[in-house]
Amino acid sequence: MKKRTWEPLGTLEAAVMKVVWTQAPVTAREVCDRMTGREERAYTTIMTTMDRLHRKGLLVREKDGLAWRYNSALSQPEFEKALADGLAADILQSHGEAALAAFVDAAAEVDESLLDRLSQLIAERRRGHK
């Protein structure tokens, strides 16, 4: 079975998901009330965004009186891993070995110890662990 691929979140979607990941289960009103400053939006905008995230499969919901109460379908780490998996697959499919070399170089520039971790992950994969 093929893994589901996810698209990166827009700024407002990310702000909404941040609230859901830390406060769930929540209604659109509760999310709207928790958003302040630059993230603040009208209630109807938040409600529409949450409905869109539900249709994309990122939020699950159940009726709570007249409102919907939302939970995340994936934890934040699960979503980030799935997003990274999809992006990596796209890059590798388009650029093959050049992408691998660039990834190794980038890992070394960020933190040399990431190369050791990469070696560990490769060994685990070869042994059949995920």
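Predicted model: local features only at pLDDT ≥ 70, side-chain atom pairs only at ≥ 80, totals over all residues.
Residues are numbered from 1 along each chain as its sequence is written, and side-chain values use heavy atoms, with hydrogens and water left out.

E13 lies in helix α1, where helices (H or I, at least four residues) and strands (E, at least two) are DSSP runs numbered from the N terminus. With a relative accessible area of 9%, E13 is buried; buried means under 20% relative accessible area, exposed over 50%, and partly exposed in between, using a 1.4 Å probe and protein chains only. When neighbours within four places in sequence are set aside, E13 is in contact (heavy atoms within 4.5 Å) with P8, T49, R52, L53 and K56.

## Where α1 meets α3

The axes of α1 and α3 come within 10 Å and cross at roughly 85°; axes are lines fitted to C-alpha atoms, for helices over the stretch in contact, and angles run from 0 to 180 degrees between N-to-C directions. The two helices α1 and α3 are therefore roughly perpendicular to each other, since angles under 35 degrees count as roughly parallel, over 145 as roughly antiparallel, 65 to 115 as roughly perpendicular and the rest as oblique.

From α1, the residues L12, E13, V16, M17 and V20 meet T45, I46, T49, M50, R52, L53 and K56 of α3. By class, this contact of α1 with α3 has seven nonpolar, two polar and three charged residues, where Ala, Val, Leu, Ile, Met, Phe, Trp, Tyr, Cys and Pro count as nonpolar, Asp, Glu, Lys and Arg as charged, and the others, Gly among them, as polar.

## The nonpolar core

The largest nonpolar core has 22 residues, and those with the most contacts inside it are V16, V31, M35, I46 and M50; such a core is a set of buried Ala, Val, Leu, Ile, Met, Phe, Trp, Tyr and Cys residues joined through side-chain atoms within 4.5 Å. At least two residues of this core come from each of α1 (11–23), α2 (28–34), α3 (43–56) and α4 (76–110), and the largest share, six residues, is supplied by α1. Apart from its neighbours within four places in sequence, M35 is in contact with L12, A15, V16, V19, E40 and I46.

## Where α4 meets α5

Helix α4 packs against helix α5 (residues 113–126) at an angle of about 135°, with their axes 6 Å apart, and that makes α4 oblique to α5. In this pairing, F103, V104, A107, A108 and V110 of α4 meet L114, L115 and L118 of α5, and the residues of the contact divide into eight nonpolar, no polar and no charged.

R117, in helix α5, counts as partly exposed at 38% relative accessibility. L100, in helix α4, is partly exposed with a relative accessible area of 49%.

## A cis peptide bond

A cis peptide bond, with omega of about 0°, joins A24 and P25, and P25 is found in the loop between α1 and α2.
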